[in-house]
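Trainee: Before I read any numbers, could you walk me through how these words get decided?

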Amino acid sequence: MKILFNKDYPQSGEILEIIGFTDADINLVKLLPYLRTSSREIYNIIGKTNYEICEAVFENGGSEGEENTELYELVRYAIALDAFRKYAPLNDLQFTNEGRLFRRDEHQVAAFQWQIDNSNDSMERRYYESVDEIINFIMDSEELEPSDYMTAFDGLYVPNLKAFQKYVNINDSHLLYFKLAPSLRLCEQREIINRMGAKFADYKAMKDSYLFGLVQNCCVYFAIADGIQKFSVQLFPEGLMK
């Protein structure tokens, strides 16, 4: 797996060009560890085939077709934003012989902690939204193929986002559905199979039955309750947490 950024010109302002709100003099070398981690996360979500399409666009200067180029741009934005949001908190402090000091000079005043927290939350939420945009783009495409990550839960009682949102609206977030899908499976294994016993597969095949809907409802609320304990609140719709 290659990172989709030009390491040969680390001071080219590439990160500013992609995400639009950083200083132009941020050296790409400082972000490289975070870019690698973020690239791996996106790779695991979109799959090897789709990531290799992005690599081809990067290497060939955008001559791989309009749809592939748009996928590449969406992926680069998400990776750059995730890398920067993880790098930024460490850059707020200076690590000196006298310990950690807050950066401040006569021309620039350091932000208050509540402003930093709000900025961190906003970047995190925007990152999740950008990943959702990638997933939607792939799933809506007639040429791109959904990854194994996107099709791993087809056999569940709640096999997709549409079925999930019959019970709880999660703002059409495929990413949140995929994050909660292991909890949906856990509910089936821990709560449903124990009660249905040997008839579990038979009941699962009765998709138009009242019981099927009850099981779906149970799984959805179990997954929400489980997910809230495991994931960042920024992943969830704001209204859901009130």
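Mentor: Helices are DSSP runs of H or I with at least four residues, strands are E runs with at least two, and both are numbered from the N terminus. This is a predicted model, where local features need pLDDT of at least 70 and side-chain atom pairs pLDDT 80 or more, while totals for chains, interfaces and linings use all residues. Residues are numbered from 1 along each chain as its sequence is written, and side-chain values use heavy atoms, with hydrogens and water left out.

Trainee: Which residues is Ile53 in contact with, leaving aside its neighbours within four places in sequence?

Mentor: Asn68, Leu71 and Leu144. Contact here means heavy atoms within 4.5 Å. Separately, the C-alpha atoms of Ile53 and Thr69 are 8.7 Å apart, and the two residues are 16 residues apart along the chain.

Trainee: How many helices and strands does the protein have?

Mentor: There are 9 helices and 2 strands. In sequence order the pattern goes α-α-α-β-β-α-α-α-α-α-α. Of the contacts with a separation of 6 or more, 69% are between residues 24 or more positions apart.

Trainee: What makes α4 count as roughly perpendicular to α7?

Mentor: Helix α4 (residues 113-140) and helix α7 (residues 174-196) pack at about 95°, with axes 8 Å apart. The label roughly perpendicular covers 65 to 115 degrees; under 35 is roughly parallel, over 145 roughly antiparallel and the rest oblique. So α4 is called roughly perpendicular to α7. On the α4 side the contact includes Tyr128, Val131 and Met139, and on the α7 side it is made by His174, Leu175 and Phe178. As for the axes, they are lines fitted to C-alpha atoms, for helices over the stretch in contact, and the angles run from 0 to 180 degrees between N-to-C directions.

Trainee: Why is Ser183 called buried?

Mentor: Ser183, another residue of α7, has a relative accessible area of 2%. Buried means under 20%, exposed over 50%, and partly exposed in between (1.4 Å probe, protein chains only). So 2% makes Ser183 buried. Leaving aside neighbours within four places in sequence, its contacts are Phe222, Ala223, Asp226, Gly227 and Lys230. Across the protein, buried residues make up 42% of the 242 residues.

Trainee: How do you know that Lys204 and Glu188 form a salt bridge?

Mentor: A salt bridge needs a side-chain nitrogen of Lys or Arg within 4 Å of a carboxyl oxygen of Asp or Glu. The closest N and O atoms of Lys204 and Glu188 are 3.2 Å apart, so the pair qualifies. Lys204 lies in helix α8 (residues 200-205) and Glu188 in α7, so the bridge ties together parts 16 residues apart in sequence. Both residues are buried.

Trainee: And what makes Arg195 exposed but Glu191 partly exposed?

Mentor: Arg195 has 63% relative accessibility, so it counts as exposed. Glu191, at 22%, falls in the partly exposed range. These two also form a salt bridge, with N and O atoms 3.1 Å apart at the closest. Both lie in α7, 4 residues apart, about one turn of the helix.

Trainee: How many salt bridges are there in the whole structure?

Mentor: The search finds 11. One of them joins Glu129 and Arg126, with closest N and O atoms 3.4 Å apart. Those two are 3 residues apart in α4, about one helical turn. Glu129, at 39%, is partly exposed, and Arg126, at 25%, is partly exposed too.

Trainee: Why does Leu214 count as partly exposed?

Mentor: Its relative accessibility is 40%, so Leu214 gets that label. Leu214 lies in helix α9 (residues 210-230).

Trainee: Last one: what is Asn171's phi near, and where is Asn171 found?

Mentor: Phi of Asn171 is near 55°, a positive value in a residue other than glycine. Most residues other than glycine have a negative phi. Asn171 is in the loop between α6 (161-164) and α7, and at 52% it counts as exposed. Asp172 lies in that loop as well, with a positive phi of about 55° although it is not a glycine.
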